[in-house]
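Biologist: I am new to this structure. Please take one part and look at it closely.

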Amino acid sequence: MTPAIGEVRVIDPGLLTTIQDARGRPGLGRYGIAPGGAVDPAAARLANRLVGNQGGEPVLEITLHGPTLEWTSGAHIGLAGADLGGVTRGLRLVPGHSYRLPPGSTLGFDGPRSGARAYVAVEGGFAVAPILGSTATDRRSGFGGHDGRALRVGDALSFAVSQNGPLRSAKGPGEGTDGPLQLIATAASLGWFARREVDRFCATTWTVAPDSDRNGIRLTGVHLDARTSGIPSLGVPVGSVQVPPSGEPIVTMVDGPVTGGYPVIGIVPRLDHARLAQAAPGTTLRFRRATIATVRRLAAARASASADRDGVVLDEGDLAAGWAR
Amino acid sequence: MGAVRVAVAARRVDRRRYAPGVDRVHGIDVLRFGERALVVRIDDQARVHALAAGLLADLAAGRLEDVVPGDRTLMVGYDGTDEGERAARQSLAAAERRLSMGVTSPEPRRRVIPVHYGGTDGPDLAETAALAGCSQLALIEGHAGRDFTVQFLGFAPGFAYCGDLPPDLVVPRLATPRTATRPGSVAIAEHYTGIYPADLPGGWRVIGWTPVVLFDPTADPPTYLRPGDTVRFEAVEVGDLPAAPHRPSDWSA
């Protein structure tokens with residue numbers, strides 16, 4: 001017996017809906033290839049684990065204003081990341097749960113409640129061929145994911161139908177905190193910024209600008225003064241806070257250019273990247289100086305805390321409830 | 001005199017607070033760049049390429065997470081742990097030691113890029129020549145038939161920063177960047193020349209076009225030009241160019 005193929009049709013693509021995965025394409029910087037992948041990979045992994053997938057399968061990355069999707073053959077989906085107002089047949093769908101959608105169900109999103117990027121995984125996994133080790137969409141260069149582009153009206157995605165897995169929930173709230181993000185200042189020997197500019201960066205309440213995207217988060221607040229406007233181009237890791245001549249910083253995100261020629265005032269450690277990923281335009285952000293040793297201590301503590309609990313639990317007693325929860 | 005001493009003292013404090021990670025590994029400057037990367041500064045770009053080449057085995061083995069040449073810099077990514085940082089520093093030291101022992105790196109690959117200059121293929125040629133204070137022909141002759149080196153890639157997959165342009169061809173970028181550029185556009189900016197691998201926005205001055213494909217995600221490796229390659233542009237008549245983009249036969253060499 002060949003496995004049945006499920007299908008989801010795009011009725012409305014929303015603002016920006018792409019195929020991504022938690023892995024992306026790290027380690028290819030020498031070719032000019034950015035790491036890409038899900039901006040919030042932990043949420044992408046969680047969405048998959050909610051439907052019993054491994055974690056690295058392709059997911060839909062949904063940005064702010066979500067799509068309308070018709071699941072012609074039904075599906076068991078996992079929802080994680082931002083709460084963008086998911087709804088089906090009048091039922092509110094919230095991140096951190098899996099849901100069974102009957103054939104012909106329409107999944108919509110009626111507007112962002114919190115966060116910027118939601119992830120939808122499907123049991124069985126979307127059928128997307130990996131390119132350069134990943135199923136992620138690179139829109140700038142037009143490859144990966146679904147034809148190297150964002151989803152459009154009329155697109156159809158297929159997946160292997162296996163909807164027998166149990167409904168699951170994520171245990172407890174996510175890692176979100178309200179405190180300032182950490183900033184590892186760049187070495188003074190690089191001579192790019194006076195000490196007072198780093199202090200000023202950390203004393204400022206920044207607002208995420210509307211033109212922020214997967215390439216970079218643009219911050220407005222004050223105008224920073226670098227000692228130089230251009231530097232020899234060098235590799236810029238994700239999280240690098242670059243300061244162009246305008247003085248308004250840009251935090252490099254997963255699709256951002258891998259080499260840059262703007263002075264970098266500091267680097268937001270990976271520990272805080274999920275908060276950057278979920279910072280919708282208009283969000284205010286603050287930063288505080290952190291040492292590498294502190295960042296590593298926190299990262300180790302968080303890793304052992306999440307190892308204690310698997311994070312995903314089976315829901316009991318609701319299998320009889322039928323399709324949706 | 002007193003003021004100078006104060007300034008020096010202030011800088012010392014500054015350094016202690018900001019740069020605990022600056023040190024020298026086997027004769028090269030290594031800086032910590034966030035919690036998952038080291039940056040090496042090297043004045044000699046050929047040595048950047050040689051050092052990068054010497055680290056690729058450790059990248060393939062997973063000891064390093066990325067090796068990214070820049071302009072007189074090399075960024076090395078690792079897993080963000082103390083052990084990972086130690087391993088990355090050891091990799092750098094070992095690669096540097098091999099270089100200083102005279103282990104020679106392979107001859108650079110030679111790449112020839114046929115270009116049709118000017119016309120609709122090079123919409124900025126006339127203005128660029130005017131800015132450089134030379135004729136269009138002189139600009140073409142200054143660009144073609146000369147060896148450039150791929151200094152590093154960036155901006156987009158397959159986009160190679162080739163340098164250095166002769167000083168008299170160095171002109172500022174476009175005042176208003178294009179929102180789209182035809183793939184294959186051969187362009188110059190500051191002391192670099194490069195080729196747009198895809199339809200991208202950008203402020204480089206487009207002087208010609210080539211049908212050579214620069215980036216193919218299904219090819220191994222995925223880019224035609226790689227750091228350290230020697231590149232020569234060859235002026236051709238439009239009739240001598242294949243009209244369709246194509247992948248050169250020496251791609252995998």
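Biologist: Where is B:Arg226 found, and which residues is B:Arg226 in contact with, leaving aside its neighbours within four places in sequence?

Modeller: A caution to begin with: this is a predicted model. Start with the chain. Chain B has five helices and 12 strands. Of its 253 residues, 53% count as buried. Take the contacts in chain B with a separation of 6 or more: residues 24 or more positions apart account for 65% of them.

Now the arginine. B:Arg226 sits in a loop of chain B, between strand E11 (205-209) and strand E12 (230-235). B:Arg226 is buried, yet it has no salt bridge. The nearest side chain of opposite charge belongs to B:Asp229, 5.1 Å away. A salt bridge needs the nitrogen and the carboxyl oxygen within 4 Å. The arginine side chain does have a polar atom 3.3 Å from the backbone oxygen of B:Ala253.

Next, the surroundings. Neighbours within four places in sequence are left aside here. In chain B, the arginine touches B:Arg109, B:Arg111, B:Val150, B:Leu153, B:Pro221, B:Trp251, B:Ser252 and B:Ala253. In chain A, it touches A:Tyr31.

That last contact leads to the two chains together. In all, 50 residues of chain B are in contact with 41 residues of chain A. The two chains bury about 3800 Å² between them, and 61% of that is on carbon and sulfur atoms. The count of salt bridges between them is two. A:Arg296 forms a salt bridge with B:Asp82, with the closest N and O atoms 2.7 Å apart. Several elements of chain B give two or more residues to the side that touches chain A. Among them are helix H1 (2-18), helix H2 (45-60), helix H3 (82-100) and strand E7 (147-153) of chain B.

Finally, cross over to chain A and its helix H1 (residues 41-49). The buried residues there are A:Ala43, A:Ala44, A:Ala47 and A:Asn48. Seen down the axis of H1(A), these fall within an arc of 140 degrees, so they line one face of the helix. The buried residues of H1(A) pack against strand E3 (59-63), strand E5 (75-83) and strand E10 (114-122) of chain A.

How values were computed. Residues numbered from 1 in each chain as written. Chains lettered and ligands numbered in written order. Predicted model: local features only at pLDDT ≥ 70, side-chain atom pairs only at ≥ 80, totals over all residues. Heavy atoms only, no water. Buried < 20%, exposed > 50% of the residue type's maximum accessible area, 1.4 Å probe, protein only. Helix = DSSP H or I, 4+ residues; strand = E, 2+ residues; numbered from the N terminus. Arc of directions from axis to C-beta. Contact = heavy atoms within 4.5 Å. Lys, Arg positive; Asp, Glu negative; His and termini not counted. Polar contact = N/O pair within 3.5 Å; in protein donor to acceptor, adjacent residues only side chain to side chain. Buried area = accessible area lost by both parts, 1.4 Å probe.
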